[in-house]
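Q: I'm new to this one. Can you put it up and walk me through a few details?

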Amino acid sequence: MSILPLTSPSYPNHNLSGTPMSVSNRVPLMFRRLHRFQQMDFELAFWQLSYLCLAPKRVYRNVYYHKQTKNTWARDDPAILILLFASLFVAAVAWSIVYSYSPLQAVRLAFVMILRDYLLVGVLSATLLWFFANRVLVSPSSHSSPTDSSVEWAYAFDVHTNAFFPLYLTLYLAQLLLLPVVLKDNWICLLLGNTLYLAGQVLKFAQYIYGVYLGLSALPFLIRSEILLAPLLPLFASYVVSLLGFHVAKHVLSVYFES
C-alpha cells in the first residue's frame with residue numbers, strides 16, 4: 001500500500017527562487033489545506049495513526065521518498081489533523097461525563113485539549129526541535145544544498161503530531177479507565193495508583209520522546225540524534241521519587257480539571 005500520495009502539491013513548501021514569500025506561503029501547506037475535505041485521504045491518515053502505535057519506523061521509512069517526489073519532508077495532507085481533532089473531542093466528552101460537566105464546559109474542555117494541549121504545545125515543541133536540530137544535529141560534512149540539509153519547521157510539527165497520538169491513547173483514554181484505582185486514598189492504592197500512573201507517564205512521554213527521535217533520525221543529514229533520548233533518564237527518576245508518597249494522579253488531575 002502506498003503511504004504517501006503521488007501528486008505534487010499545488011503550492012511548494014519552500015521558496016526556491018529566493019523571492020520574498022507572502023504571509024500565507026509561510027504557513028505550512030498542511031494548515032492551508034484544512035478546508036479541502038474532498039482532497040483528504042482519511043484512509044491513509046488512519047493507516048498512519050495505526051502504524052504509529054504498532055510500527056512507527058514503517059511510517060518514517062517513506063519520508064525520503066516523499067522528499068524526492070514533492071521536494072518537502074513534511075506531509076501536505078491535513079487528514080491526520082482532522083482525525084486528531086476528532087479524537088481529542090471524543091476524549092473531552094468522555095472526561096466531561098466523568099466530571100459531570102455541562103455541555104458548555106465540555107465544549108470548552110475540547111477547545112483546551114485541541115488548542116492548548118495539541119496545537120500550542122505542538123508549535124512550541126516544533127519550534128524547539130526545529131531550532132535544536134538545525135543548530136546541533138545537522139551534519140557539517142553535508143554536501144547538499146542549504147534547503148536539502150535543513151529541518152523544515154513543518155516537518156518538526158509533523159514529528160510532534162506523529163509522537164502525540166500514542167501519547168493521546170494513554171494520557172487521554174487509558175488514564176480514564178484507571179481512575180477508580182488511581183484516585184483512591186489508602187497507601188496500597190496510592191502505591192498501585194502511582195505505579196500505574198507514573199509508569200504510564202514514563203511510558204507515555206517515553207513514547208513521545210522515542211517518536212521525536214524516530215522522526216528526526218529519519219532525515220539523512222542529521223547526526224547525533226541519540227541526544228534526543230536523554231530526557232528518558234529524568235523521567236524514570238521522577239517515577240522512583242514519586243513512590244515516596246506523593247499522590248501524583250490526584251494532584252495532576254485536580255489541577256487540570258479545576259483550572
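Q: Is aspartate 117 buried or exposed?
A: Aspartate 117 is buried, at a relative accessible area of 11%. Buried means under 20%, exposed over 50%, and partly exposed in between, with a 1.4 Å probe and protein chains only.

Q: Where do these values come from?
A: This is a predicted model, where local features need pLDDT of at least 70, side-chain atom pairs count only at pLDDT 80 or more, and totals for chains, interfaces and linings use all residues. Residues are numbered from 1 along each chain as its sequence is written, and side-chain values use heavy atoms, leaving out hydrogens and water.

Q: Which residue does aspartate 117 meet in a salt bridge?
A: Arginine 116, at 3.0 Å, N to O. A salt bridge is a side-chain nitrogen of Lys or Arg within 4 Å of a carboxyl oxygen of Asp or Glu. Arginine 116 is partly exposed, with a relative accessible area of 35%.

Q: How many salt bridges does the structure hold?
A: It holds 3. Another one joins the side chains of aspartate 158 and arginine 75, at 3.4 Å, N to O. Aspartate 158 is in helix α8 and arginine 75 in the loop between α5 and α6, 83 residues apart. Both aspartate 158 and arginine 75 are buried.

Q: Changing topic, where is leucine 219?
A: Leucine 219 is in the loop between α10 (187-217) and α11 (232-242). Helices here are DSSP runs of H or I, at least four residues, numbered from the N terminus.

Q: And what does leucine 219 touch?
A: Leaving out residues up to four places away in sequence, it touches Val63, Trp73, Val151 and Tyr155, where contact means heavy atoms within 4.5 Å.

How values were computed:
Helices (H or I, at least four residues) and strands (E, at least two) are DSSP runs, numbered from the N terminus.
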